[in-house]
Amino acid sequence: MAEEISLSILSGKGGTGKTTLAVNLALALENVQLLDADVEEPNDYLFISPEIESKETESVMRLIPEVNDDKCTACRKCVDFCEYNALAMMLDNVLVFEEVCHSCGGCKIVCPEDAITEKEKELGKLRHDSLSNLDFWQGELNTKEEKAVPVIEKLKTKIDRDKKVIIDSPPGTTCPTIEAITDTDFTIVVTEPSPFGLHDLKMVIEMLNEIEQPFAVVINRAEADSDYLIEDYCQEEGIKIILKIPFSRKIAELYSEGIPFVDKLEGWDEKLQQLYQEIREEALKQ
Amino acid sequence: MKEITVISGKGGTGKTTFTANLASLLDNLVVGDCDVDAPNLHLLLNPENKSEAVFKGMKLAVKNDDLCIDCGLCYENCRFNAITAADYQIKNLKCEGCAVCAYVCPTDAIKMEETETGTLYEAESRFGEMVHAKLIPGADTSGKLVSEVKNRASELAKEKNKDWILIDGSPGIGCPVIASLTGSDLAVLVTEPTMSGFADLKRVMEVVNHFKIPAGIVINKYDLNENISAKIEAYAAEEKIELLTKIPYSRVIVDSLKKGELFVDNDAELRTKMLTVKEKLTKILEK
Amino acid sequence: MKLVIPAVAEGNMETEVHDNFGRATFFAFIDTETEEIDFVENTAAKKSSGAGVGAAQLCADNEADIVTAYHFGPKAFKALTAAGIEVLDLNEQKLIKEVYSDYKAGKLAEAEAGPGGHH
């Protein structure tokens, strides 16, 4: 077994503090890899590598059908087969709507005339930056593209198991989220002590239990008088709360400026290093 | 009858909190929660559900093991890794419903069946009727479910002769947001003064512009970064979008939310701000 | 000429216009010569994606000449124009008969493609 572990960081919805935790944890550790898998709204780069757009990129491609009009007999089998309405037959010509195409390849299989071939189209990109102690990868979905899963799959091929791996996963409970956390050793769920936070936390936990993923909870914007909202629930369910990041105007201000709080607030480096060690022990036990 | 949709682009800007507080100040309304990924509005409005309906989304592959001859064609042709290599079982969470496996199966062992993707609720809150929905985990965000919530809200509004429909829109800039805005008379954009908040505001505004409907901006927690707030104000002035209000980073708002209460009930100054928003919205819609 | 108007239900000239082209429940087909009105169910609305394209296909299959709606997504717009169908924008009209009379009065403007969804 590798010495280090891989962690995925997740929240029920955006704006909960997932990015804050992922970035600060990565910066507090050494020999670490941070993968931003929130491919629709990758934000980690703002704190880690603001110039990422000028760094090396790698395309993630998908296949799109192309119809050879000379061979096509307008039989319409492809149009009728497509579950996504990505093909239409207009005046005996097949139109392809690339954005709705799911790249399933079905039209090519059903075409009796061999009139359909496939071409590659860029779905998204991976970007990479190497900092002294931190290997940073970001997945990014091109605008007008919807399918995040293949970008996340490709991003995960960059995982280096000799390093501590942190995956900032997309929020919510949909397929891209599940893809991002699958195969990670442990998941951290970030929530906040409010009825909204509790509600979204429950949704996420339902999903994590379904896929049998080990996890623990971090309370962001924690406050003595309201943490019970989350604590009571976690105690009842036997869920561990492994960290509280306090409600602090300072942290919110730093965030708005794109400054990681470990750089400005004392003691957090050690606290986050300790957090990793605790999770590591917990994960290796399982 | 006028329909207002509240959107934000980025998550966590306070869109839902704003919507709930505005709802309490509008008379004779129907509320719709189109944030079907993370529906939270009911936590502040505490509606009582009156009826619910199962929402069926896409079809998924279902295999009959008795007919399967283990030929492996389904596995070879599936582009989504949705079929296990060992025993050709379908992984529901991976299946995209394309039907290729059902097509290539020589023994008709695989059928496509509609599956439940969520639940649609009709409810009664102290401010009026409310329509909301919940997706099951692993189900994909669907513009179809958003449209369903909106259709139901607008039917209810017509039946009961309402003056307002207030929609808590979906986050992001994709299909669900477009479905949230379709048919609305006005868009309210709730933003916050962060780099990502401002960037998302501009992106979501592009979507709003295509609908040729008026828009208003709310800057939440404006005093967290007055520099970026000023930029947002300048942007609003340039684009001729009305600035509806600036809400401070406030203890009262945080505390109200934690108790599941409305901040307009706990702070006179904030209440006045929200009443001004209501006046401004009414005025924009009268034009 | 066949004029198509998205409708909230199967009905008549008094039926309300649906505000969403792809997700309309029915389409009213009006024969502008005879003024007869037919309703066709929009089966595309039930698909989880590409409703606009599916609805455009349905209009083309039923030999529409002109299609009206409050808003066309880019894909529906492309599909309809590829079929040689004229695409017109609605604005204030609430009932099918209002759309029809505005059409006859030449008050409907040519549509442009707006932003579209994927689902």
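**Figure 1. Domains of chain B in the predicted model.** An automatic or database domain assignment divides chain B into domain 1 (2-46 + 126-286) and domain 2 (58-116). The centres of domain 1 of chain B and domain 2 of chain B, taken over C-alpha atoms, are 41 Å apart. This is a predicted model, in which local features need pLDDT of at least 70 and side-chain atom pairs count only at pLDDT 80 or more, whereas totals for chains, interfaces and linings use all residues. Residues are numbered from 1 along each chain as its sequence is written, and chains are lettered from A in the order in which they are written.

**Figure 2. The largest nonpolar core.** A nonpolar core is a set of buried Ala, Val, Leu, Ile, Met, Phe, Trp, Tyr and Cys residues joined through C-beta atoms within 7 Å; buried denotes 20 or more other C-beta atoms within 10 Å of the residue's own, with C-beta atoms placed from the backbone. The largest such core holds 70 residues, and those touching the most other members include Leu29(B), Leu166(B) and Leu189(B). Helix H7 (residues 195-210) of chain B gives the most to this core, six residues; helices are DSSP runs of H or I, at least four residues, numbered from the N terminus.

**Figure 3. Surroundings of Leu189(B).** Beyond its neighbours within four places in sequence, Leu189(B) is in contact with residues including Ile7(B), Leu201(B), Val204(B) and Ile217(B). Contact requires C-beta atoms, placed from the backbone, within 7 Å.

**Figure 4. The side of chain A that touches chain B.** Contacts join 42 residues of chain A to 37 residues of chain B. H7(A) supplies the largest share of this side of chain A, eight residues.

Definitions and conventions:
Buried ≥ 20, exposed ≤ 12 C-beta atoms within 10 Å, placed from the backbone. Helix = DSSP H or I, 4+ residues; strand = E, 2+ residues; numbered from the N terminus. Contact = placed C-beta atoms within 7 Å.
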